[in-house]
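Here is a report on how one chain packs together. Follow it with the structure open.

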Amino acid sequence: MGGYDATVGGVDPSIPIQFFTLPGNACPYAQRTHIVFNELQVPVDIMEVSGIPKPDWFLKINPKGKVPTIRVPTTFDQEVITESAVCNEFLCDYSATVLGNESDLMPSSPIARAWARLLNDHCDAVFAKTQFTFLMNKDEDKDKNMADDMERALSVYENSLERHGGPFLLGESFTLADVHIYPFILRLIVTLRHWKNYELPNDKFPRVLDWFRACSQRKSVQDATLSEEKIIEIYTKFFEVDYSFGGLNQNKN
């Protein structure tokens with residue numbers, strides 16, 4: 001018998017997956033998932049969500065009001081999946097199992113998969129907090145210590161590139177580990193240069209800077225990115241309201 005693999009929740013691949021995101025890839029978490037859609041070439045219907053608070057129609061889909069959110073057509077209903085890491089692993093599984101398209105985006109090796117998940121956890125639990133706390137700090141006397149904290153967190157990626165030989169975090173293949181951190185490094189480079197006169201030191205992070213250039217050259221990344229001018233425009237609004245970045249900004253008022 002033909003047709004799609006009914007073991008994957010009765011998913012119907014003839015209908016594009018709906019991807020809910022902010023306009024212009026403003027959200028780094030949703031940008032991750034946009035890159036994955038592009039890499040895997042999974043058919044997608046992009047739905048932009050704007051407004052604070054989020055509109056009622058979107059809250060009915062995801063009551064938390066967060067992006068990325070994806071809605072997957074199934075035989076009898078639609079399944080809603082949230083959180084970028086979960087969305088991205090799902091899309092890898094969907095591409096391989098439902099569409100029959102294998103990819104290195106999620107490594108096949110159990111060790112490499114573990115490495116990817118550990119790097120991704122480090123980004124969300126440690127690195128992103130140091131980055132946005134430094135950016136939003138208004139006490140110049142604390143800047144040096146905060147920059148040091150951020151650089152210590154970033155050294156995990158420099159070490160991974162050295163350990164695995166590059167050009168990507170786990171070696172020769174572009175994986176979910178690269179997808180996960182890229183939007184944050186992009187914003188780090190642009191915002192810290194603009195507001196803190198800070199540049200990632202080449203003597204400390206030569207591999208990270210080469211990695212960033214390699215990622216930026218991929219079409220999947222270019223088609224899901226935003227300009228430096230747009231990043232500055234977005235973050236200017238964050239500064240005006242002393243934005244917490246969902247708790248990533250650890251500065252005390």
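In this predicted model, Glu151 touches Tyr198, Pro201, Lys204 and Phe205, leaving out residues up to four places away in sequence. Glu151 belongs to helix α5. Its relative accessibility is 9%, so Glu151 counts as buried, the cut-off being under 20%.

Phe205 sits in the loop between α6 and α7. Is Phe205 buried or exposed? At 3% relative accessibility, Phe205 is buried. Its contacts, again without residues up to four places away in sequence, are Glu151, Leu154, Ser155, Glu158 and Leu200.

Beyond its neighbours within four places in sequence, Leu200 contacts Leu154, Leu188, Ile189, Phe205, Val208 and Leu209.

**Helix α5**

Helix α5 covers residues 143-164. Its 22 residues should span 32 Å at 1.5 Å a residue, and the end C-alpha atoms are 32 Å apart, so the two agree. The helix bends by about 30° at Leu154. Just after α5, Gly165 has a positive phi of about 85°.

The buried residues of α5 include Asp143, Met146, Met150, Glu151, Leu154, Tyr157, Glu158 and Leu161. What do the buried residues of α5 pack against? They pack against α4 (110-136), α6 and α7 (206-216).

**The nonpolar core**

The largest nonpolar core holds 73 residues. Ile17, Ile70, Phe127, Tyr157, Ile181, Leu200 and Trp211 touch the most other members. Helix α6 (residues 176-196) supplies the largest share of this core, with 12 residues.

Why is strand β1 (residues 17-21) described as largely enclosed? Five of its five residues are buried, so the rest of the structure largely encloses the strand. Both faces are covered. Ile17, Phe19 and Thr21 are buried on one side, and Gln18 and Phe20 are buried on the other.

β1 pairs with β2 and with β3. The table sets out both pairings.

| Partner of β1 | Direction | Bridges | A bridge pair |
|---|---|---|---|
| β2 (residues 44-48) | parallel | five | Thr21 with Glu48 |
| β3 (residues 69-73) | antiparallel | three | Phe19 with Ile70 |

β1, α1 and β2 form a β-α-β unit, and the unit is right-handed.

Phe90 lies in helix α3 (residues 84-97). Its relative accessible area is 17%, so Phe90 falls under the 20% cut-off for a buried residue. Which residues does Phe90 touch, not counting those up to four places away in sequence? They are Ile17, Ile70, Val72 and Ile81. Ile70 lies 20 residues from Phe90 along the chain, and their C-alpha atoms are separated by 10.0 Å.

Two of these contacts lead back to earlier points. Ile17 and Ile70 are among the core residues that touch the most other members. Ile17 is one of the buried residues of β1, and Ile70 in β3 is the bridge partner of Phe19.

Technical notes:
Residues numbered from 1 in each chain as written. Predicted model: local features only at pLDDT ≥ 70, side-chain atom pairs only at ≥ 80, totals over all residues. Heavy atoms only, no water. Core = buried A, V, L, I, M, F, W, Y, C linked by side-chain atoms within 4.5 Å. Buried < 20%, exposed > 50% of the residue type's maximum accessible area, 1.4 Å probe, protein only. Helix = DSSP H or I, 4+ residues; strand = E, 2+ residues; numbered from the N terminus. Contact = heavy atoms within 4.5 Å. Pairing = 2+ DSSP bridges. Right-handed = clockwise from strand over helix to strand, strands pointing away. Expected span 1.5 Å × (residues − 1). Bend = angle between axes of the 7 residues up to and from the residue.
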